[in-house]
Amino acid sequence: MTTKKDTSHSAPIGPNSLQVKDVGFHDDGNNLIAEVRLHNSSPRTLHAYATARNIQYDAATKTLKVLLSDRLTGEGGSMFIHPKFVPVDPGGETVVNLQLPRFLTRILPGTNLPAPKLERLPIHEATSIQIEVDWSDTPFYPDPRGQKHVRQQLVEWVKHTARQQGRRREAPPAKTS
Amino acid sequence: MGLFLLNDSDASGTGGVFPMSAFADLVQISNMDGGIGQDPPVGDLIHITYTQSQTGTCPNRLNTLVNTTFPAIPADPVDIVILALDNSFVASNGTLLGAFGGETLNPGQTDSNGFTNPTNSALVLYDTSQGGGAGYCLKGAVSGNYDLQTPNPVILYHELSHAFRICTASSLSLAASGCTASPEEAAAEVDENDMRTQLGIPLRDTTDHCGQACSGGAGPNTGSCCIVATIATGSPYSPEVNALRQVRDSFLRRSEVGYSFFEHLHHDYYGFSPEVRRMMAVTPELKKLIETWFVRPLTASLGLIRAWSLDGCDENEIGKRFEQGAAETNLSPEIAALVRDMLQGRSEVPAFNSDLIELAALLQQRAQPSPYIEWGLIQTTCMYLDACVWRSEGLSPSALGERLTAAFDAWASAMPLTDAWHKLPRYSLNEELAFLHRALLRTQESRLRFGQRLAIHISADDATLKLMAEAGFLPLERKP
């Protein structure tokens, strides 16, 4: 066999190869719709999370933080629902549309309660959004050797994280026939 | 004591908790038994009552949960509280319940996701919105694919299985790896299948813990494989793609060095394959051509390599199998030679097809420079194409088999060596060599050729050389 140069690790991929060019959101009355515009400046197709896995809300600053990442996800749960991914062509752009709830519901801390107390966070009141998108330069395939939990495999698959901030936008006008 | 639904009177009307959905799911679990009912809410809790008249595994389990005082739970009067939620539910750290579909917590437990149980009861959380409408698809026991819908009563019954073991102090280990279900999850999945049986829907693979959204775009690649082959053959589950998936998951990625090799191959493959995908989208005729000229010869070649290296077929059998496959593939020797030369960059592609010229240029720039692509895909395909040319020369199946197996052996011994070989302790090195002996390097000659290369690659010391010689990868009497 002819010996050839190993190109596996020479592709010019850096932390900024995939960027969130733009992010914004609007409230359509049923959901918050976030639009995340990804741009790939590298010569390779890159692969990014396309599923929101974590949503945080700071009511004081009315800032919504959405993670397309499993780095804060745990390994419990009755199923592990894989995130979706989206390929971004070399030099190209892809828009990821996220449908988010208008409220967040969570259990308030406490002990020895007869029933859990819930709180609802009105994230539809948010005025700004921070987005974090994990990505890599290959698609994700679970390791069939199964030595690590699939969540850990996902975390290790990630090469870089693209971050951006954006603002609330007016809802697009309803289409009329 | 018993089973309760959270009514959440504080938040009622805002849409975060759905006790009526949970009750409807319990009715289905009871197999539409008229004996199930609910008391008026007391505080935030609705007590479930059940006078069983339907028989069956699921009604029996429900009867146990509703009408038993569980000593494992110290609190009185509540045993199990069900929270029927939607996709707005998050853990304290913001993690969405939609990543899991459901979760059952021990009294007072906060789990690794940040889901917390502030009560002395077992707490069942489940998403009745089906991930915001996308649906939860799990691995089917029969299909083997992540295409199995999971109705809400099934999710709830699964969670109640966990709750049952919490209440009876019989929870199993949660240790899990990959997508393999932990003992606790496997037990819940076995129970879950009772509910699926009751509903008359297909059963889940009870060894698998993973799932995916049923709709809404690209999946997790848990079952997908090889985008060029998938698009060219028109299905992620075509025989060709299944064959490639089998090589990837059942053979290549099972060993340390195989895994490392695959990582390199995977990286380099995705350096050019999306562009091939784009070309096929723009020129649909190219799709058929890639399927016939590249994908089928590749998968046929891998099948023959497996038959030779792993299954122990002899030269005659390999020749016969090639002959059968070649008759179906029906590649003319001219086309076989053209494709082979194109893959190897040996000659100009005839200018009759501009798409082919573009494809050839792409392969030359991005595929051929990678030793992993060349060995794993190009040489593999070319061995088959060579045999198509030999066939036209009138060689008998046994002569074809002899030539092909010689080519397989030479190819196998030239497997690219990655850095993973440097990191192996001697015990693991021995294991890897044994695996290669068993799975790829069938003849002594191929093992010795490979061993010579490996010894140089890892700068083997005396002890390692001895180990390699004992494993049959170096001559016993001399070092490389």
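1. One step along, Ile81(A) has Gly211(B) of β9(B) as its bridge partner. The strands involved are β6 of chain A, residues 80-82, and β9(B), which pair in the parallel sense over 3 bridges. Two strands count as paired here if DSSP finds at least two bridges between them. Helices (H or I, at least four residues) and strands (E, at least two) are DSSP runs, numbered from the N terminus.

2. Before going on, keep in mind that this is a predicted model: local features need pLDDT of at least 70, side-chain atom pairs count only at pLDDT 80 or more, and totals for chains, interfaces and linings use all residues. Residues are numbered from 1 along each chain as its sequence is written, while chains are lettered from A and ligands numbered from 1 in the order in which they are written.

3. What sheet does that cross-chain pair belong to? An open sheet of 4 strands runs in the order β6(A)-β9(B)-β7(B)-β8(B), with mixed pairing. Its edge strands are β6 of chain A and β8 (146-149) of chain B, each of which pairs on one side only. From one strand to the next, the twist averages 45 degrees; axes for this are lines fitted to C-alpha atoms (for helices, over the stretch in contact), with angles from 0 to 180 degrees between N-to-C directions.

4. Now the whole contact: chain B puts in 82 residues and chain A 63 residues. Contact means that the C-beta atoms of two residues, placed from the backbone, lie within 7 Å. Elements of chain B that give two or more residues to this side include β4 (80-85), β9 (210-213), α3 (152-167) and α13 (371-392). The largest share, 5 residues, comes from α7(B). By class, the chain B side has 32 nonpolar, 38 polar and 12 charged residues. For that tally, Ala, Val, Leu, Ile, Met, Phe, Trp, Tyr, Cys and Pro are nonpolar, Asp, Glu, Lys and Arg charged, and the others, Gly among them, polar.

5. Chain A has 1 helix and 12 strands, and its C-alpha atoms fill a box of roughly 70 × 50 × 35 Å along the principal axes. Of its 177 residues, 44% are buried. Buried means 20 or more other C-beta atoms within 10 Å of a residue's own, exposed means 12 or fewer, and partly exposed is in between, with C-beta atoms placed from the backbone. Among chain A contacts with a separation of 6 or more, 71% come from residues 24 or more positions apart.

6. How is β4(B) covered? All 6 of its 6 residues are buried, with Ile80(B), Ile82(B) and Ala84(B) on one side and Val81(B), Leu83(B) and Leu85(B) on the other. Strand β1 of chain B (residues 3-6) pairs with β4(B) in the parallel sense over 3 bridges, and Phe4(B) partners Val81(B). Another 6 bridges join β4(B) to β6 of chain B (residues 122-127), also running parallel, with Ala84(B) opposite Tyr126(B).

7. Last, α15 of chain B (residues 426-439): at 1.5 Å a residue, its 14 residues should span 20 Å, and its end C-alpha atoms are 20 Å apart, which agrees. The expected span is 1.5 Å times one less than the number of residues. Leu429(B), Leu433(B) and Leu436(B) are its buried residues. Seen down the axis of α15(B), they fall within an arc of 60 degrees, so they line one face of the helix; the arc is that of the directions from the helix axis to the C-beta atoms. These buried residues pack against α17 (462-470) of chain B, while the face turned away carries the exposed Tyr427(B) and Arg438(B).
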